[in-house]
Amino acid sequence: MRTATYFFIFLNLSLALFEEPAVYPLPFLATSVLEVLCLLVFLGRLTHFAKVTLHNVFWKDTKNICIMVAILLSLTDLAIYGVLRLYNVRSIRWSRIVRPIFLINFAESRQIRRAFRSIRNTLPEITYVFLLFMFSLLMFSLMALKLFGERNLQTAEGLPYFRNYLEIVFDLYVLVTTANSPDVMMPAFDFSSWYALFFIAFVIVNTYIFMSLFLAVVYNNYKKHLKVMPGGACD
């Protein structure tokens with residue numbers, strides 16, 4: 001039963017690869033039949049669990065309620081999407097975001113649920129570090145706007161360079177991951193090599209200091225919450 005439950009959970013989550021917009025598109029009827037099959041298995045598993053559990057205990061368990069709501073939402077969304085598709089009306093399968101609920105809330109997923117609970121408890125404690133990082137990012141973006149915004153610089157594609165504050169925030173946010181390095185700094189570097197100091201300072205402060213600090217806070221708090229949970233272990 002556990003293996004079958006995990007298989008159909010995996011199949012249900014994998015449908016996102018084949019539904020429009022898809023990586024490997026399959027006909028709507030095929031994905032719909034597979035999804036309904038998965039939901040019927042989940043409903044059968046829940047019904048079986050209700051038969052062997054005390055009535056009051058079953059209905060007081062939030063996990064069971066979440067699974068029932070997720071099944072109802074998925075079927076409703078599938079029916080609405082199918083009807084709109086018949087009338088050639090574009091719509092979005094918004095119920096996809098509830099599919100991980102099946103992975104978390106079934107009784108067999110105790111370890112996954114424990115990890116999820118640790119992550120949830122960790123989030124409030126890392127908020128302060130995240131806010132400091134965002135403040136640093138916004139301040140560096142403001143400095144970049146003042147440094148480069150009025151110099152009429154252009155990118156290699158001929159687009160305006162660092163003249164819109166929100167675009168600057170996004171470009172510098174990407175630079176934290178070094179994904180657009182050194183391309184993002186080249187228009188400023190071509191204008192004056194001294195401007196490279198701004199980007200070097202940004203990378204040192206945000207990539208090397210803040211990201212290391214952020215990782216340390218996340219790890220320490222996650223380990224702490226994992227320790228205090230019943231049956232939890234950090235090894």
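In this chain, residues 24 or more positions apart make up 65% of the contacts (heavy atoms within 4.5 Å) that have a separation of 6 or more. The structure is a predicted model, in which local features need pLDDT of at least 70, side-chain atom pairs count only at pLDDT 80 or more, and totals for chains, interfaces and linings use all residues. Residues are numbered from 1 along each chain as its sequence is written, and side-chain values use heavy atoms, with hydrogens and water left out.

The chain contains nine helices and zero strands; helices (H or I, at least four residues) and strands (E, at least two) are DSSP runs, numbered from the N terminus. An automatic or database domain assignment divides the chain into domain 1 (1–108) and domain 2 (118–228). The centres of these two domains, taken over C-alpha atoms, are 39 Å apart.

The radius of gyration, taken over C-alpha atoms, is 25 Å for the chain, whereas a compact globule of 235 residues would have one near 18 Å, by the rule of 2.2 Å times the number of residues to the power 0.38. Along its principal axes, the C-alpha trace spans about 75 × 55 × 25 Å. Of the 235 residues, 34% count as buried, that is, under 20% relative accessible area with a 1.4 Å probe, protein chains only.

Within domain 1 (1–108), the axes of helix 1 (residues 2–14) and helix 2 (residues 28–51) come within 10 Å and cross at roughly 145°; axes are lines fitted to C-alpha atoms over the stretch in contact, and angles run from 0 to 180 degrees between N-to-C directions. Helix 1 contributes Thr5, Phe8, Ile9, Leu11 and Asn12, which meet Leu34, Glu35, Leu37, Cys38, Val41, Phe42 and Arg45 of helix 2.

Notes:
Buried means under 20% relative accessible area, exposed over 50%, partly exposed in between (1.4 Å probe, protein chains only).
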